[in-house]
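Me: Could you take one part of this assembly and go through it closely? I'd like the cut-offs spelled out as you go.

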Amino acid sequence: MKMKKMAALLLALAMLLALAACGGNNAAQDSSDPGTSGTPGTDSGTQTPAQTPESGTIELSYWYAMDGVGGQIIEKQIDAFNQTTGAEKGIHVTGVYQDWPGTNALTAAMTTDDTENMPDVIHMFSEYVNLIQDWERTVWAEDYITASGAAVSKDDLIPNTVEAYSIGGKMIGVPYAISALLLYYNQDQLTQAGFDAPPATIDEMARMLPALKEKTGAEYGLNVRLDQFEFENFIVTQGAAGTYFGNNQSGHAGQMTELSSQEAIQAFLTEWEKVIASGAYKETKDSMNEEFAQGLNSMCIMSSARIPTINDLVGDSFQWGVAAIPKVSASDVGGAYPSGSGLFMIDRGEPARVEAAWEFVQYLISADTQAMWLDGCGYVPINVHAEEAETYQSAISTEPRLSVPFDILKNTPGSVVSSFCPDNQTVNTVIQDSMLNFAGGSASKEETYAAITDGIADAFADYFRANPID
Amino acid sequence: MNERRTTNIMMQVICVICALMVLFPILYAFSASFMRPEDILTTSHYLLPPHPTLANYIQAFTTTKIARYMGNSFIIALICSCVRVILASMAAFSFSFYEFRGKRILFALTLATIMIPPDVLVVQNYVTISKMGLMNTYAGICSIFLISANNIFLMRQNFLTFSRSLQEASRLDGCSDLQFFFRILLPVSRPVLITVFMNSFVSVWNQYVWPMLVTTKDEMRTVQVGITMLKDRESSAFGPVMAGASIALVPTILIFALFLRRIVSGMMTGAVKE
Amino acid sequence: MRSSAVRIRNRARPYLWLLPAFILFFVFTFYPFLQTIYKSLFIVDTAGRAKTFVGLDNYRYILSDGRFLTALKNTLWFVVLTVPISKVLGFALAMLANKRRALSSFYETSFAMPMAMAASVIGMIFQLLYVSPLGIINGTLGINIRWLTDARYAMLAIAIIQIWLSTGYAFVFLLSAIRSVPSDLVESTAIDGAGPLRQVFSIYLPLVSPTMFYLIFTDMAYGMMMMSLVNILTNGGPSNSTLTLMQYIFRQFNATGNYTNANPAAVVTFLLTFAVTMATFAWEDKGVHYQ
């Protein structure tokens, strides 16, 4: 019977695969686990990539939550470390991909205090700092970065990126993959509509939008969905020295428990109403990259991380540029807050591992490693000396636009930082929905303001009911 | 006669049109896996790649260990589906051929497992697996997929259609329950066993959250995890993901092509209908 | 009489057949769920540890949470949208494919293919198809609907994907059930002058009812706990129009670490799913024919 033959074949294939996979698994285990043979009596079922005094190599586990090109660059950074500093100091790092936002496996391990299955270093988005802020295993970077022998000091880093990872003046983690919110503009369409430069203020932008729609092939002058990320950027860049979104310096000097930027929100909504009234603003996020690259939207507001993608998609079809997002008022400081993710160290119970972890973290935030972001990613090197690195210079010469976010962040004061906002997911939803309703015409400016402030207050109440402050 | 032939052809045409409609998303994904990023979302709405490229497949194979992941998924899916077939047929046998105290309650408990949201159990199950020292092992990944109340339920539905005489006759012939189960019930239920096998294989193959959570080593990851690695949060690059999805689909399509004919030839035949 | 009753001497025997299944159920389903029920009576910290006993207060709290009620409404709507249509379509396709023809194996496999797809993968594929205005659906149909970003269409868009998935699943099971309808039975009614439509209602539907019962039951339970598609495509938005019960729960404990709300919500979801699916058992007694 043909069927039987096929089934037999399939089974044979399966067994072959199983053998191959098991073999591979054992080999991998052996190489990473030479120490277990020396410790008889331990539970053989657990496979700890434990420190191995015999061979002198410390095995570190590094979890990162970045897919695509970013993930590939991270793997390159890990390889570079293992071949250089790692080889010298007897440290070997293994990268482990975790799905965005990368906190699932960590919270599971936290629940059980399962140190065997924790990372030594974790890459995490700053929104989730709340999760590990009070955790006893979190190793604050402050003591290490201020120590006399540290290879990287706070002065080497862009000031506001340091602030972004500090609580009460002490760094909990270090900035790592940082981006800045930017205005992307289609220079050809701008010229066609009679403008030479991108708008500096929202008011100016609102006045430009109708012309962009009418005089060019674009369907909309501007495309941006205002999530917490975009919204908060417009709030915190107000005033001469920035504005904190919430109290306790937006959570950087104690727990953020309420909004403190009511006036700035009002001011922003007043200006944004003009953008909506222009009739040339697209408020939803569909395929922003592609729509911009096809010339459907003359301008859009997105993270600097997308510069390489836009470059690939646009090709030679038109001239485009990036600039700081327009200011709410001409007297504002403007710029952008450093957004993105940082590195955090975890104490798994062995001091030597923490020391090794710091070696690795230092390497990742060094000028050369940070410059590697520019090789395919739009992340901003947070080390000010990155400019001197060869990788940086060659990347900037082929894609000069990549220097824009770097310069913006360097020139934005340290007080312009994002909030450590409790329950950022709900806050994000509240802002997104309110701003969509505002743009869609179903809510007035006053209603939008109330929806945002009330919604955030509710989200905080919800959070603090479950996590009361002692 | 001629008229019948026309209807036959007409019916086939209708079926093929429907088939293409159903297949459309998959075919498009396959087509997109050969497109350059700038050709995927355009105002020209290409259905076929205007400039076919293998770049997405090259990326899938070079940036992730997708072959290794497929191997892992295959082993896990195979183990789980075999265990499920055995355990589910045993349980369904008990539910459909015995009368005993607590039967209704036990069956209700079985069905209740279908109604318990699996995602809320994940963290607690992680604790169990980690305490058993099964992190980063096939046993750990398989653990929560070894039984499915769905399968028990399906088999019960199937066994209940058997004529009562089947078992009575076998008892008169001096068959023990064990003999009845292995010699008569399972052979005549082959279509339903294959269904459960196929269904389990596909569903375990497609699992994502749990295998991700209980593995912290690249070499233990599964194919669905590999696909997410090919995503790119910033560029929304669909090409590599579609390539990964197309690769991951190959084994399931093979399984379907192999087994589907067997099960649709009559799952609930009941063999000895009166 | 539904079941073939058999008296056996050894009373333990039926339990032994069930034992392996129930050990697994206990360890990986009942035990963790009992913990969830227990912890739902407490304020629970971000690490999942029970802190302060509050009794049923957590339940009162989530039941007065507008988002939870929205999630409940959306979920029920999703079930109503997807379960009946996918069964009708699955049955129709199975009737179409019933008779074996030259191209049978091609279209049978095609109809069944959705069953082979992972929800996460098909979610991404449809995301690509739906995108407005550059996606294929809007492009080829010449329409401009913001499928995933317009609150009026988002749930419909998600439901279409689920219908696509469930139809394939239902097709496989219904085709095999239809094919096992004895042909002499069909022929005898044909001689009696029954048209195709009457055959469907008087022969096919009653005889496939055990399969149909299984499909409806499992699909309803699945629909009540749907999350993966929304997580990929809309994340519950716009304006909470696609927020489902499971997503409400997931959002609470994932990243926010709010188990205080997640635990009671999970218990309520279980009870609701139980209530909804039990309604099908009322039908089993009347409408399902096992022989």
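Reply:

**A helix pair, and what surrounds the topic**

Helix 8 of chain B (residues 149-160) packs against helix 10 of chain C (residues 209-224) with the axes 9 Å apart and an angle of about 165°. That makes helix 8 of chain B roughly antiparallel to helix 10 of chain C. Axes here are lines fitted to C-alpha atoms, for helices over the stretch in contact, and angles run from 0 to 180 degrees between N-to-C directions; under 35 counts as roughly parallel, over 145 as roughly antiparallel, 65 to 115 as roughly perpendicular, and the rest as oblique. Helices (H or I, at least four residues) and strands (E, at least two) are DSSP runs numbered from the N terminus.

A quick word on provenance: this is a predicted model, where local features need pLDDT of at least 70, side-chain atom pairs count only at pLDDT 80 or more, and totals for chains, interfaces and linings use all residues. Residues are numbered from 1 along each chain as its sequence is written, while chains are lettered from A and ligands numbered from 1 in the order in which they are written.

On the chain B side you'll find N150(B), F153(B), L154(B), Q157(B) and L160(B), which meet P210(C), T211(C), Y214(C) and T218(C). Contact means C-beta atoms, placed from the backbone, within 7 Å. Nonpolar covers Ala, Val, Leu, Ile, Met, Phe, Trp, Tyr, Cys and Pro; charged is Asp, Glu, Lys and Arg; the others, Gly among them, are polar.

Now zoom out to the whole contact between these two chains: chain C puts in 81 residues and chain B 82. On the side of chain C that touches chain B, helix 1 of chain C (residues 13-39) gives the most, 15 residues. That side of chain C has 55 nonpolar, 21 polar and five charged residues.

For chains A and C, the contact involves 23 residues of chain A and 23 residues of chain C. Helix 19 of chain A supplies the largest share of the chain A side, five residues. The residues on that side of chain A divide into seven nonpolar, 10 polar and six charged.
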